[in-house]
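Here is a short tour of a protein with its ligand, written to be read with the structure open beside you. Have a look first, and then let us walk through the sheets and the ligand site.

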Amino acid sequence: GLENLALIPGTVGAAPMQNIGAYGVEQERCFVELQAMERSTREIHTFDRTTCEFGYRESVFKNTLRDRYVIVSVTYRLAKAPHQVNVTYRDVDEEMARGREGEKVEGSKGETVEIRDVYEAVVRIRTRKLPDPAVIGNAGSFFKNPVVSAETYAAMAADHVEMPHYPQADGSVKLAAAWLIDQCGWKGHREDGIGVHDRQALVLVNHGGATGADLIDLARRIQRSVKDRFGVDLTPEVNVW
Ligand SMILES: Cc1cc2nc3c(=O)[nH]c(=O)nc-3n(C[C@H](O)[C@H](O)[C@H](O)COP(=O)(O)OP(=O)(O)OC[C@H]3O[C@@H](n4cnc5c(N)ncnc54)[C@H](O)[C@@H]3O)c2cc1C
């Protein structure tokens with residue numbers, strides 16, 4: 001159930017914090033409950049999926065309960081047998097179609113594919129696209145993909161027919177922050193120690209010697225240029241202190 005989340009770096013305790021997700025699946029899919037210690041009382045409380053208030057890269061621990069709990073255990077219910085895997089993201093579907101050794105995997109629409117095939121496809125995509133934090137400093141996606149109303153999307157699409165977009169169940173439309181940033185000319189941008197990754201414009205990188213303040217300054221300039229060009233607000237995905 002969590003095969004689409006392959007290669008996301010981090011601890012289990014941090015996973016519910018921003019409801020980590022990738023390629024159409026969030027950890028919420030298999031989440032049962034978690035135990036968290038309230039820092040002020042040291043009492044352990046149990047949270048289920050409702051009280052966790054999961055959203056897109058959000059949970060109650062990032063919002064109203066920010067800095068109040070330490071997550072000490074998480075329970076997931078995972079599927080062992082082949083199941084309905086999610087290959088709705090074009091990248092994953094195309095990679096599945098290419099197959100492990102260039103051969104198409106049967107049923108790449110999600111009916112008969114093996115969990116391991118999806119896992120391996122995701123690992124191949126991420127290894128190609130994303131910088132390894134052990135080699136170059138980065139926090140993964142710095143911004144969330146903005147979600148806009150259908151009307152806003154329609155107005156934008158009139159000028160940008162090629163703009164990637166993902167219609168949501170509630171009628172809103174998720175846009176690709178990386179595409180917006182790329183259109184503003186930031187992809188591969190480099191100055192002193194900081195920059196924007198040359199294969200994934202959502203990832204800000206520290207080539208060496210940059211400070212947190214340098215990074216925040218770059219992030220603000222990127223937010224401003226996307227706002228000026230598209231009228232869209234980019235929100236950081238990362239927690240900034
Ligand atoms: C190359 C790269 C790719 C990434 N790709 C993705 C992706 O595809 N999808 C995605 O969702 N994220 C992605 N991320 C972000 C990151 O992997 C996740 O946010 C991950 O959950 C961070 O885990 P961590 O243990 O490093 O937490 P940290 O970065 O150390 O902490 C993150 C936040 O959670 C809090 N926290 C950590 N542990 C606990 C705990 N036990 N209890 C309470 N609060 C806690 C911290 O205080 C902090 O606010 C990526 C990051 C990198 C570097």
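Two bridges join strand 7 to strand 9 (residues 173-175), and the two run antiparallel. Strands here are DSSP runs of E with at least two residues, helices are runs of H or I with at least four, and both are numbered from the N terminus; two strands pair if DSSP finds at least two bridges between them. Val148 has Val173 in strand 9 as its bridge partner.

The open sheet consists of three strands in the order 7-9-8, with antiparallel pairing. Strand 7 (147-148) and strand 8 (165-167) are at the edges with a single partner strand each, so one side of each has no neighbour in the sheet. Helix 4 (residues 150-159) packs on this sheet and touches strand 7, strand 8 and strand 9, where contact means heavy atoms within 4.5 Å. The direction of helix 4 makes about 50 degrees with that of strand 9; axes are lines fitted to C-alpha atoms, for helices over the stretch in contact, and angles run from 0 to 180 degrees between N-to-C directions.

Strand 3 (residues 31-38) and strand 4 (residues 44-48) are joined by five bridges, and Gln35 has Thr46 as its bridge partner in strand 4. Five residues lie between the strands of this hairpin, in which Arg42 takes a positive phi near 65 degrees. Seven bridges join strand 3 to strand 5, where Thr75 is the bridge partner of Glu33.

## Around the ligand

Of the 24 residues around the ligand, Pro9, Thr11, Gly21, Ile71 and Arg126 come nearest; a residue counts as near if one of its heavy atoms lies within 4 Å. Strand 1 (21-22), strand 5 (69-76) and strand 6 (137-141) each supply at least two residues of this shell.

A polar side-chain atom of Thr11 lies 2.8 Å from an oxygen atom of the ligand, and one of Arg57 lies 3.3 Å from an oxygen atom of the ligand. Ile71 places a backbone N or O atom 2.8 Å from a ligand nitrogen atom.

## Basis of the values

This is a predicted model: local features need pLDDT of at least 70, side-chain atom pairs count only at pLDDT 80 or more, and totals for chains, interfaces and linings use all residues. Residues are numbered from 1 along each chain as its sequence is written, and side-chain values use heavy atoms, leaving out hydrogens and water.

Conventions. A polar contact is a pair of N or O atoms within 3.5 Å; within protein, one must be able to donate a hydrogen and the other to accept it, and residues adjacent in sequence count only if both atoms are side-chain atoms.
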